Amino acid sequence: MPQAPLQPGTLYLVATPIGNLEDITLRALRTLRECNIIAAEDTRRTNQLLKAHDISQKVVSCHKFNEAKRSQVILDCLENDQTVALVSDAGTPGISDPGERIVRAAIKAGHRVESVPGPCSLIAAIPASGLPTEEFHFAGFLPHKSGGRKKKLNSLNQTSGTLCFYESPYRITKLLSELQTQWPESEVVLARELTKKFEEFLRGSPAQLVEYYAKRKPKGEFVVLVHRT
Ligand code: SAM
């Protein structure tokens with residue numbers, strides 16, 4: 001069935017794979033193919049994705065260091081009734097990735113914004129974790145400094161639902177120790193390398209997971225889910 005053409009003057013937020021290259025929707029591919037310009041967090045990475053799908057398009061960079069400046073270029077395109085697709089390195093733009101600023105600016109300027117939904121590591125992790133899914137709270141990345149991390153964790157004491165964090169392999173053991181102090185009785189799930197060859201879900205108390213990583217070096221990308229009882 002033929003699909004409606006893209007709407008002029010629209011900013012499309014296009015989700016891209018978080019590991020498995022098959023995880024891209026037909027609509028995402030069509031949007032990338034038919035838009036006037038793609039704004040990408042990393043042009044090289046996006047060009048690889050485009051090449052894999054035989055799409056040739058104009059790609060401009062839009063990352064956290066130039067998002068403010070780039071917003072104006074994107075707004076100018078939208079003003080001229082062009083269609084812009086925003087993509088991040090992986091997953092859903094605006095979720096711990098550039099996007100929020102541009103979206104707000106586009107809405108303020110009266111432009112249309114559409115989501116082209118697809119992969120998001122947060123959403124991939126929650127249903128397979130086995131933890132309660134009815135209510136959850138996404139806290140993103142904790143600050144880097146210990147004081148800021150403690151403050152943030154304390155602020156979550158009264159927050160109900162499963163807590164969800166993003167964390168890098170360099171700080172995952174630090175986070176597990178912090179969880180051991182903060183909520184020693186909690187159930188923790190580490191969703192690691194989702195959709196990739198070495199995907200795994202590690203489940204246990206903070207103490208058990210601290211012990212697990214005392215014996216091996218953490219590798220890959222992690223979504224951390226915490227159920228407090
Ligand atoms: N916008 C992205 C999304 O929708 O998933 C998230 C971008 S954020 C900069 C990167 C973080 O997301 C990683 O440090 C990790 O916490 C999480 N992440 C991304 N891909 C992942 C994967 N395949 N498996 C587990 N966690 C992942």
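**Domain interface**

I looked for polar contacts across the interface of domain 1 and domain 2, and the rule gives 1 residue pair, both at pLDDT 80 or more. A polar contact here is a pair of N or O atoms within 3.5 Å; within protein, one must be able to donate a hydrogen and the other to accept it, and residues adjacent in sequence count only if both atoms are side-chain atoms.

By class, I find 2 nonpolar, 3 polar and 1 charged residues on the side of domain 1 that touches domain 2. Ala, Val, Leu, Ile, Met, Phe, Trp, Tyr, Cys and Pro count as nonpolar, Asp, Glu, Lys and Arg as charged, and the others, Gly among them, as polar.

I note that this is a predicted model, where local features need pLDDT of at least 70 and side-chain atom pairs count only at pLDDT 80 or more, while totals for chains, interfaces and linings use all residues. Numbering runs from 1 along each chain as its sequence is written, and side-chain values use heavy atoms, without hydrogens and water.

I checked salt bridges (a side-chain nitrogen of Lys or Arg within 4 Å of a carboxyl oxygen of Asp or Glu). The rule finds 0 between domain 1 and domain 2.

**Domains**

I took the bounds from an automatic or database domain assignment: domain 1 is 10-116 and domain 2 is 121-227. Their C-alpha centres lie 29 Å apart. In contact (heavy atoms within 4.5 Å) are 6 residues of domain 1 and 9 residues of domain 2.

**Ligand**

I then read off distances. A polar side-chain atom of Asp-97 is 2.8 Å from a ligand nitrogen atom. For Ile-18, a backbone N or O atom lies 3.1 Å from a nitrogen atom of the ligand. Glu-167 has a polar backbone atom 3.3 Å from a ligand oxygen atom.
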